[in-house]
Amino acid sequence: MLKPMKKYISIFGAAILSLAIHAGAVGKEKRGGDENARFDAFKERLVLKMWKVYPGWAGSVGYHKYDSVLIVPTTESRESENRFCSTMIDSLSGFVRTSLSATEQIDYDLIRNQLEYGIWGNDVLKAWQWDPSTYNVCGYFSEMLANKYAPLSTRLHNFFVRMAKVPAYYEAAKEHIKNPSKEHTKLAIDQNLGGMSCFKEDLEDALKKSDLDASAKAKIRARSKACVAAIEGYTEWLKKLKNDHPRSFRLGSELYAGKFKFEIQSAYTPDQIYNKAVRRKAELHDEMYTLTKSLWPKYFGKLSMPGDHLSAIRLMIDKLSEKHVKADSFQTAIEHHLPELVRFINNKQLLYLDPSKPLVVRKEPGYMAGVAGASISSPGPYDKNGNTYYNVGSLAGWTPEKAESYLREYNHYILQILDIHEAIPGHYTQLVYANKTPSIIKSLLGSSSMIEGWAVYSERMMLENGYDGDKGLNSKQASPEMWLMYYKWHLRSVCNTILDYSVHTKNMSKAQAMDLLTREAFQQKAEAEGKWNRVSVTQVQLCCYFTGFTEIYELRNKIIDRMDGKFDLKRFHEQFLSYGSAPVKFISKLMQADPKNNRPKSKFPEIYK
């Protein structure tokens with residue numbers, strides 16, 4: 001799972017009101033001249049203004065001018081946000097969309113989607129009322145210490161200034177929270193307490209390494225204690241909050257459809273994707289049963305297969321899952337896989353990989369706890385040389401039974417597929433390309449469905465080209481074991497969609513969800529419990545995997561048909577990724593218009609030789 005760059009990381013401060021008024025003064029863009037050039041100029045101005053509005057988001061993508069700013073989430077700041085979004089929509093409407101080039105039209109649509117989502121989120125979704133986990137400053141501060149984008153003394157200075165607003169930030173959060181869901185309340189407590197180490201141990205380590213004088217360090221420590229007290233006060237307040245009739249964590253059909261529209265940006269509706277997922281689940285069960293029959297004598301000898309297909313598949317998966325790493329070598333195994341994936345891709349000429357971009361495997365930071373066990377944190381387009389982090393959840397403190405269940409889920413085969421998805425050629429690779437796209441809008445306002453869809457697509461693509469960690473670089477065909485476990489893994493994406501849609505719009509119970517995940521998707525109990533927790537605190541995001549995969553695979557098949565036997569897989573991949581993280585439905589239009597030549601000028605010139 002890619003850790004998303006939150007588009008609404010912080011709500012606007014009162015200072016943004018003057019910015020919105022100024023933006024209103026420019027109003028409709030003056031006509032005349034080249035429309036594309038004027039639109040490019042508008043985009044540059046928009047992005048620079050946006051960073052004043054979202055200083056936390058700015059820092060996450062490598063724009064560090066506002067690192068010392070923390071917006072306190074007041075009613076006034078939220079109203080200012082809406083005024084800003086409305087004013088920018090008005091300015092955007094000054095352009096005739098159809099007079100722009102095809103790629104500029106995509107940017108136009110992405111900008112409008114972003115601005116309308118901001119207003120919809122504040123006025124309709126209103127997560128700021130019922131989701132206490134919305135309020136958490138720890139991620140901002142943790143990344144300031146972890147990422148070495150500036151001298152430590154500069155980062156500590158900004159850290160110190162930003163800390164001044166933390167107590168007011170959490171006081172404002174208390175004022176806004178009304179009738180929160182129990183699940184989001186628990187998540188807020190866990191994540192805030194988990195991330196608090198950035199003000200304690202992490203900060204202390206940074207101070208020891210710094211050349212600041214004793215007086216400066218003392219001031220930083222004093223202010224950090226106030227931050228810790230504010231976070232502890234917030235979590236205690238949540239624990240004691242009287243809430244006899246908590247809001248359901250379920251969105252309901254109307255809100256779900258709205259969020260799906262803004263976040264997924266698919267050519268399909270939620271209903272259509274749900275129906276596709278249900279059909280695909282049945283197809284996967286048939287394919288898995290065929291493989292199970294072929295493997296059965298090898299692993300079970302003359303033992304009779306169960307008559308029930310799902311039971312037979314489960315027995316085979318359980319047998320193969322016995323092969324897994326030990327708990328204390330989980331992260332080490334990931335570090336070992338990555339260079340093997342690079343060598344395989346280069347040997348097969350599947351995609352250009354930039355060797356200059358660092359990828360660092362690290363233990364998952366505390367402020368990320370509670371959502372996913374593995375994820376990627378990528379530098380933004382302003383911080384292209386920054387580290388990309390592969391965050392790996394720790395098994396420390398787990399019971400032996402829980403750890404064994406988790407390791408059987410991420411067994412020898414699936415751990416390799418996980419590394420494809422999260423790293424190479426999945427998220428890590430795609431985001432390196434995204435940072436090279438000529439359009440910063442496509443990098444900043446990209447589609448989660450495209451990002452996650454590419455990662456899911458890359459899993460199957462690698463196996464189609466023979467990847468199997470047990471067979472080496474020249475493997476031409478993955479083993480039946482690898483394919484069976486891939487299908488089991490792919491069922492996650494399929495069932496993610498079924499689960500998310502069913503829970504939030506059809507009132508699926510936990511018992512029904514656990515049956516879907518453990519019996520029909522063959523997941524271990526610990527994994528299924530984690531997925532239930534995740535669907536209880538997120539909405540729509542679980543749909544982006546299968547939705548994006550479906551759209552990318554359909555696009556590839558259409559272009560294969562059009563190329564009349566001259567299809568070049570490497571060229572397809574590089575062309576597809578050259579459009580940044582734009583929604584697949586937009587990329588599809590451009591590539592089908594001219595599958596050979598319709599691509600933007602890339603900053604990776606060597607990939608098109």
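Modeller: In this predicted model, a residue is called buried when its relative accessible area is under 20%, exposed when that area is over 50%, and partly exposed in between. The buried residues of helix H26 are, by that rule, Leu-569, Lys-570, Phe-572, His-573, Glu-574, Gln-575, Phe-576 and Leu-577.

Colleague: What makes you say that helix H26 is mostly covered?

Modeller: Helix H26 runs over residues 569–577, and eight of its nine residues are buried, which is what the words "mostly covered" rest on here.

Colleague: Which helices do the buried residues of H26 pack against?

Modeller: They pack against helix H19 (427–434), helix H21 (448–464), H25 and H27.

Colleague: Why are H25 and H27 called roughly parallel, and not roughly perpendicular, to each other?

Modeller: Two packed helices are described by the angle between their axes and the distance between the axes. For helix H25 (residues 544–562) and helix H27 (residues 584–593), the angle is about 5° and the axes are 10 Å apart. Angles under 35 degrees count as roughly parallel, and H25 and H27 are therefore placed in that class. On the H25 side of the contact stand Gly-548, Glu-551, Ile-552, Leu-555, Lys-558, Ile-559 and Arg-562, and these meet Val-584, Lys-585, Ser-588, Met-591, Gln-592 and Ala-593 in H27. Sorted by class, the residues of this contact are six nonpolar, three polar and four charged.

Colleague: How do you know that H15 and H22 are roughly perpendicular to each other?

Modeller: The axes of helix H15 (residues 309–321) and helix H22 (residues 480–505) cross at roughly 110° and come within 11 Å. The range from 65 to 115 degrees counts as roughly perpendicular, and H15 and H22 are therefore given that description. Their crossing is left-handed. From H15 the contact takes Met-316, Ile-317, Leu-320 and Ser-321, while from H22 it takes Glu-481, Leu-484, Met-485 and Lys-488. By class, that contact of H15 with H22 is made up of five nonpolar, one polar and two charged residues.

Colleague: What makes Gln-416 count as buried?

Modeller: Gln-416 is found in helix H18, and its relative accessible area is 2%. The cut-off is under 20%, and Gln-416 is therefore buried. Once its neighbours within four places in sequence are left aside, Gln-416 is in contact with His-337, Tyr-467, Asp-468, Gly-469 and Met-482.

Colleague: Is Gln-105 buried or exposed, and how do you know?

Modeller: Gln-105, which is found in helix H5 (residues 102–125), has a relative accessible area of 18%. That value is under the 20% cut-off, so Gln-105 is buried. Leaving aside its neighbours within four places in sequence, its contacts are Arg-97, Thr-98 and Leu-100.

Colleague: Why is Asp-205 called partly exposed?

Modeller: Asp-205 is found in helix H11 (residues 201–209), and its relative accessible area is 40%. Buried would need under 20% and exposed would need over 50%, so Asp-205 is partly exposed.

Colleague: How do you know that Cys-138 is in no disulfide?

Modeller: Two cysteine sulfur atoms must lie within 2.5 Å to be called a disulfide, and by this rule the count comes to zero disulfides. The nearest cysteine sulfur to that of Cys-138 belongs to Cys-198 and is 4.6 Å away. Cys-138 also counts as buried, because its relative accessibility is 0%.

Colleague: Why is the sulfur of Cys-495 too far for a bond?

Modeller: The closest cysteine sulfur, in Cys-543, is 12 Å from the sulfur of Cys-495, whereas the cut-off is 2.5 Å. Cys-495 is buried as well, because its relative accessibility is 0%.

Notes. Residues numbered from 1 in each chain as written. Predicted model: local features only at pLDDT ≥ 70, side-chain atom pairs only at ≥ 80, totals over all residues. Heavy atoms only, no water. Axes fitted to C-alpha atoms, helices over the stretch in contact; angles between N-to-C directions. Helix = DSSP H or I, 4+ residues; strand = E, 2+ residues; numbered from the N terminus. Parallel < 35°, antiparallel > 145°, perpendicular 65-115°, else oblique. Left-handed = near helix turned anticlockwise from the far one by under 90°. Contact = heavy atoms within 4.5 Å. Nonpolar A, V, L, I, M, F, W, Y, C, P; charged D, E, K, R; others polar. Buried < 20%, exposed > 50% of the residue type's maximum accessible area, 1.4 Å probe, protein only.
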